[in-house]
Amino acid sequence: MQSESPSEDHMNMQSEPHSGGHMNHSAEEMSSSGEVPEDLEEAENPTYEVASQAIIEADHMQGMQGAEATISGAFDTTVYSVSYTPTNGGDPVEDHKWVIHEELENPGEAPLEPGDEVVMNATHMEGMKGATATIDSAEQTTVYMVDFVTTDTGEAVQNHKWVIESELAPVE
């Protein structure tokens, strides 16, 4: 039986709380439709233009660090690292990077402060939408949606949300 959501049963892969909330995902689970919130503003002058290349220096998940990315979107917003317990009963997720201000339910003015609690509308991972999250950190920056091929399995990832500007480097 095939599940409707590619990430439906991936959250029970670890028995302890984990950092980042991504490490054991397949490329299919890292990909998204590319839809963004209506009120998210495109970056006017991003360091990495849409369709340009960059090297990912983040390790949100296996096979990401060192991958060459194609920028599929660039947006100016406030980005948050959050901790939450998934609505599907999965293990607590600590320091998940990243959820943007526009993916929060009635967040008020940005930026929110560390310790603030919010309800997420993000769907990056199973059990995220509707979960109450605690803000761990906030940063006003350009966030990027990226396409890349994982460095460990060679799987293609489309429209991965989100990588912040400081997690990218120019292609040499």
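Helices (H or I, at least four residues) and strands (E, at least two) are taken here as DSSP runs and numbered from the N terminus. With that in hand, the chain reads β-α-β-β-β-β-β-β-β-β from its N terminus on, which comes to one helix and nine strands. Please keep in mind that this is a predicted model: local features need pLDDT of at least 70, side-chain atom pairs count only at pLDDT 80 or more, and totals for chains, interfaces and linings use all residues. Residues are numbered from 1 along each chain as its sequence is written, and side-chain values use heavy atoms, with hydrogens and water left out.

**Confidence**

- The chain has a mean pLDDT of 85, where pLDDT is the predictor's confidence in each residue, from 0 to 100.
- A pLDDT of 70 or more is reached by 82% of the residues.
- Residues 1-25 call for some care: pLDDT stays under 50 there. For this stretch the model has 55 contacts beyond four places in sequence, a contact being heavy atoms within 4.5 Å.

**The chain as a whole**

- Of the 172 residues in the chain, 46% are buried. Buried means under 20% relative accessible area, exposed means over 50%, and partly exposed lies in between (1.4 Å probe, protein chains only).
- The chain exposes about 8700 Å², and 42% of that comes from carbon and sulfur atoms. Accessible areas come from the Shrake-Rupley method with a 1.4 Å probe, and for residues only the protein chains shown count as cover.
- Take the contacts between residues at least 6 apart in sequence: 63% of them join residues at least 24 apart.

**Strand 4 and its partners**

- Strand 4 spans residues 68-84 and is mostly covered, with 13 of its 17 residues buried.
- Strand 2 (residues 41-42) runs antiparallel to strand 4, and two bridges join them; two strands pair if DSSP finds at least two bridges between them. Here Glu 41 has Asp 76 as its bridge partner in strand 4.
- Strand 3 (residues 53-56) also pairs with strand 4 in the antiparallel sense, over three bridges. In this pairing Ile 55 stands opposite Glu 68.
- Five bridges connect strand 4 with strand 5 (residues 93-100), again antiparallel, and Val 82 faces His 96 of strand 5.
- Between strand 4 and strand 7 (residues 132-149) there are 15 bridges, and the two run antiparallel. Ala 74 has Tyr 144 of strand 7 as its bridge partner.

**Strands 7 and 8**

- Strand 7 and strand 8 run antiparallel, joined by six bridges. Val 143 has Ile 164 in strand 8 as its bridge partner.
- The two strands form a hairpin with six residues between them. In the turn, Gly 154 has a positive phi of about 75°.
- Strand 8 is mostly covered too, as seven of its nine residues are buried.

**Aromatic rings**

- Rings of Phe, Tyr and Trp (its six-membered ring) pair if their centres lie within 6.5 Å; planes under 30 degrees apart count as stacked, over 60 as edge-to-face and the rest as tilted. By this rule there are two aromatic pairs.
- One of them is the edge-to-face pair of Tyr 48 and Tyr 144, at 5.8 Å centre to centre and with 75° between the planes. The pair links distant parts of the chain, 96 residues apart: Tyr 48 is in the loop between strand 2 and strand 3, and Tyr 144 is in strand 7.
- Tyr 48 is buried, with a relative accessible area of 9%, and Tyr 144 counts as buried at 0%.
- Phe 75 and Trp 162 have ring centres 5.9 Å apart and planes at 85°, so this pair is edge-to-face. Phe 75 lies in strand 4 and Trp 162 in strand 8 (residues 156-164), so the pair ties together parts that are 87 residues apart in sequence.
- Both Phe 75 and Trp 162 are buried.
- Lys 97 lies over the face of Trp 98, at 5.9 Å from the ring centre. A charge sits over a ring if NZ of Lys or CZ of Arg is within 6 Å of the ring centre and within 35 degrees of the ring normal.

**Around Pro 114**

- Pro 114 is placed in the loop between strand 5 and strand 6 (117-119).
- Leaving aside residues up to four places away in sequence, Pro 114 touches Ile 135, Asp 136 and Ser 137.
- Pro 114 and Ser 81 are 33 residues apart along the chain, and their C-alpha atoms are separated by 9.1 Å.
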